[in-house]
Amino acid sequence: PFSVNLWVMPPNVSAVKIVTKHSAGEHWQGWEIADDKPVTNGSTKRMEHYVMRLASLWPNDAIEVQTKERVQVNKGTFANGLRQLAVVYDGSGKASGIKFYESGKPVEALILKDHLTGSIGTTASLEVGDKALGTSFEGSMDDLRIYDRVLTGTEVDDLAVRLPARS
């Protein structure tokens, strides 16, 4: 089990990987958090899905879950535009074990892939962006925290409301 909490504003470009911890290559092992299918609603509102992928061997032995609804990503809680995102994985090997939180509140998820039989363990380094594709993360990020346990909803809310990143 593990949890990832960060304050983020993805760049105004196509879909990007936000944080990755997986081996190199097309059929990687590990996990990643990305934004996916961004759209612009009106002239200034950028909406997108967040997605979490875990794999023993991508894409065949893997889990993929995304936020059901698009969330606004370019207007944050604070003046710097950052919004809190937390992703919690209970270690069950099931897509239902992944939970998303945005600004401390649970966000409904949609299961895209649910076939993980092997380990997601990897010695790969944690990366911001996607070094393998040569795409750096050009948005804003602060207070990236990774926990080796499942955060409770109350703890996620505390990180968003009572213990937020300060600029």
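I started at D143, which sits in strand 12; strands here are DSSP runs of E of at least two residues, and helices are runs of H or I of at least four, both numbered from the N terminus. This is a predicted model, where local features need pLDDT of at least 70 and side-chain atom pairs count only at pLDDT 80 or more, while totals for chains, interfaces and linings use all residues. Residues are numbered from 1 along each chain as its sequence is written, and side-chain values use heavy atoms, with hydrogens and water left out.

**Entry 1**

I looked up phi of D143 and got a positive value near 50°, in a residue other than glycine. Most non-glycine residues have a negative phi, and most peptide bonds are trans. D143 has a relative accessible area of 21%, so I put it down as partly exposed; the scale is buried under 20%, exposed over 50% and partly exposed in between, with a 1.4 Å probe and protein chains only.

S103 was next on my list: its phi is positive too, about 55°, and it is not a glycine. I found S103 in the loop between strand 8 and strand 9. It counts as partly exposed because its relative accessibility is 23%.

Which peptide bond is cis? The one from W58 to P59, with omega near 0°. I traced P59 to the loop between strand 4 and strand 5.

**Entry 1: charged pairs**

My rule for a salt bridge is a side-chain nitrogen of Lys or Arg within 4 Å of a carboxyl oxygen of Asp or Glu. I count eight by this rule.

D143 came up again here, as the salt-bridge partner of R145, with the closest N and O atoms 3.0 Å apart. R145 has 29% relative accessibility, so it is partly exposed.

R53 and E64 make another salt bridge, their closest N and O atoms being 2.8 Å apart. R53 is in strand 4 and E64 in strand 5, so I noted a link between distant parts of the chain, 11 residues apart. Are these two buried or exposed? Both R53 and E64 are buried. I also saw that salt bridges with shared partners join K17, E32, R53 and E64 into one network.

Then I checked E102 and R83, a salt bridge whose closest N and O atoms are 2.3 Å apart. E102 is in strand 8 and R83 in strand 7, so the pair ties together parts 19 residues apart in sequence.

Five strands make up an open sheet, ordered 9-8-7-1-12, with antiparallel pairing; two strands pair if DSSP finds at least two bridges between them. Strand 9 (105-107) and strand 12 (140-147) are the edges, each pairing on one side only. I get an average twist of 25° from one strand to the next, using axes fitted to C-alpha atoms (for helices, over the stretch in contact) and angles from 0 to 180 degrees between N-to-C directions.

Helix 1 (residues 153-162) packs on this sheet and touches strand 1 (2-9), strand 7, strand 8, strand 9 and strand 12. Its direction makes about 160° with that of strand 7.

How many bridges join strand 7 to strand 8? Five, between residues 83-89 and residues 98-102, running antiparallel. I noted one of the pairings: V88 has K99 in strand 8 as its bridge partner.

**Entry 2: cores**

For a nonpolar core I take buried Ala, Val, Leu, Ile, Met, Phe, Trp, Tyr and Cys residues joined through side-chain atoms within 4.5 Å. The largest has 25 residues, and W31, M52, L54, I98 and F100 touch the most other members. Strand 2 (17-22), strand 3 (30-41) and strand 5 (61-67) are among the strands that each supply at least two residues. Strand 1 gives the most, four residues.

I listed contacts of M52 (heavy atoms within 4.5 Å), leaving aside neighbours within four places in sequence: they include F2, W31, I63, V87, I98 and F100.
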